[in-house]
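Please read it with the structure open.

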Amino acid sequence: DLFAAVEPILPSLQEDDIVVWVLGSGPYPPGVVALQELLDAASEELEPEDVWQPEDMNDTCLYIFTSGTTGGCLGLAGRGALGESGARRRLPLPGLPKAARVSHLKSIMCLSFYELVGASSRDVVYLALPLYHMAGSLLGIVGCIGIGATCVLKEKFSASQFWDDCRAEGVTVFQYIGELCRYLVNQPQRPGEREHGLRLAVGSGLRPDVWRSFLQRFGAIRIVETYGMTEGNVTLFNYTG
């Protein structure tokens, strides 16, 4: 779906020896690797370990492109910007998206994400987060692989369809960002909103008022709030609720 955005800059990418892989039916221009054809022709046998095992787990596995808000800082002076000590406040300026390096080790660690929050192979995980973000790709997809859970992928989140999707697919776990829960709480009330199998919601950025409204309206769902950064080495989990 996104190839049209890349196609105009293909010549410059190829000049820099950057290979473009595309998943989906073609045709594609020369030099573009069509993954679906290769997947269809690939053997089911696993290659020897020395072919695919990284030499160093701290080597780069992939790059995640962040929003770029740390691209620069603005220093402010004056009454509103100076505290009691006269310290200068610095506000982030929007910058260009930048590539954040993710190591093989960090990717492998994401295999245990859902196990840490109490999910298991019996769960059905509802994922509507973008897969170009670490929460969707590494925590969501890789996390499901780690516990052998079923993953229900939604191309675009729909608050009006969410509970119908949960009932139809037997969803038991929902991975959110805070705004998704707010969208659900702001929907008009409908019959049967508590008739679902959702038992666990895990994610980041859930405001306390939305948290309370979510539980009051949709039932006793365990919520585990987490916090981590693409470029950070520490993750926080709110085990106590």
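The points below go from the whole chain down to single residues.

1. **Overall make-up.** This is a predicted model. The protein has 241 residues, and 33% of them count as buried. Its secondary structure comprises 10 helices and 12 strands. Take the contacts with a separation of 6 or more: 64% of them come from residues 24 or more positions apart.

2. As background, strands of a sheet pair through backbone hydrogen bonds, either parallel or antiparallel.

3. **The β7–β8 pair.** Look next at one pairing within this sheet. Strand β7 spans residues 124–127 and is joined to β8 by 4 bridges. The two strands run parallel. Within the pair, L127 stands opposite L153 of β8.

4. **The annotated segment.** UniProt, in an unreviewed entry, carries the annotation "transmembrane region" for residues 131–153. That label comes from the record and may be inferred rather than shown by experiment. In the model, what does the chain look like over residues 131–153? It is 61% helix and 17% strand. The end C-alpha atoms of this stretch are 10 Å apart.

5. **I147.** This residue belongs to helix α7, which covers residues 134–147. Is I147 buried or exposed? I147 counts as buried because its relative accessible area is 13%, under the 20% cut-off. Leaving aside residues up to four places away in sequence, I147 touches L111, Y114, E115, A119, S120 and S121. S112 is 35 residues from I147 along the chain, yet their C-alpha atoms are separated by 7.4 Å.

6. **A nonpolar surface patch.** Which residues form the nonpolar patch on the surface? They are M57, L105, I108 and M109. Together they have about 360 Å² of accessible area. M109 sits in helix α5, residues 104–109. M109 has a relative accessible area of 55% and therefore counts as exposed, the cut-off being over 50%.

7. **Salt bridges, overall.** The count for the model is 7 salt bridges. In general terms, side chains of opposite charge can pair when their charged atoms come close.

8. **R167 and D164.** The closest N and O atoms of this salt bridge are 2.9 Å apart. Both residues lie in helix α8 (residues 162–169). They are 3 residues apart, about one turn of the helix. R167 is partly exposed, at 36% relative accessible area. D164 is also partly exposed, with a relative accessibility of 36%.

9. **R182 and E179.** Here the closest N and O atoms of the salt bridge are 2.4 Å apart. Why are R182 and E179 separated by about one helical turn? Because they are 3 residues apart in helix α9, which runs over residues 178–186. R182 counts as partly exposed at 25% relative accessibility. E179 is partly exposed as well, with a relative accessible area of 34%.

10. **R207 and D209.** These two form a salt bridge whose closest N and O atoms are 2.9 Å apart. R207 is partly exposed, with 43% relative accessible area. D209 is partly exposed too, at 35%. There is also a network elsewhere in the protein: salt bridges that share partners join D164, R167 and R190. The bridge between R167 and D164 was described in point 8.

11. **D17.** One backbone angle deserves a look. D17 has a positive phi of about 60°, although D17 is not a glycine. Where is D17 placed? In the loop between α2 (10–15) and β1 (20–22). D17 counts as exposed because its relative accessibility is 69%.

Note on methods:
Residues numbered from 1 in each chain as written. Predicted model: local features only at pLDDT ≥ 70, side-chain atom pairs only at ≥ 80, totals over all residues. Heavy atoms only, no water. Patch = residues over 30% accessible without salt bridge, like charges linked within 9 Å, V, L, I, M, F, W, Y side chains within 5 Å. Areas by Shrake-Rupley, 256 points an atom, 1.4 Å probe, with all protein chains shown as cover. Salt bridge = Lys/Arg side-chain N within 4 Å of Asp/Glu carboxyl O. Buried < 20%, exposed > 50% of the residue type's maximum accessible area, 1.4 Å probe, protein only. Pairing = 2+ DSSP bridges. Contact = heavy atoms within 4.5 Å.
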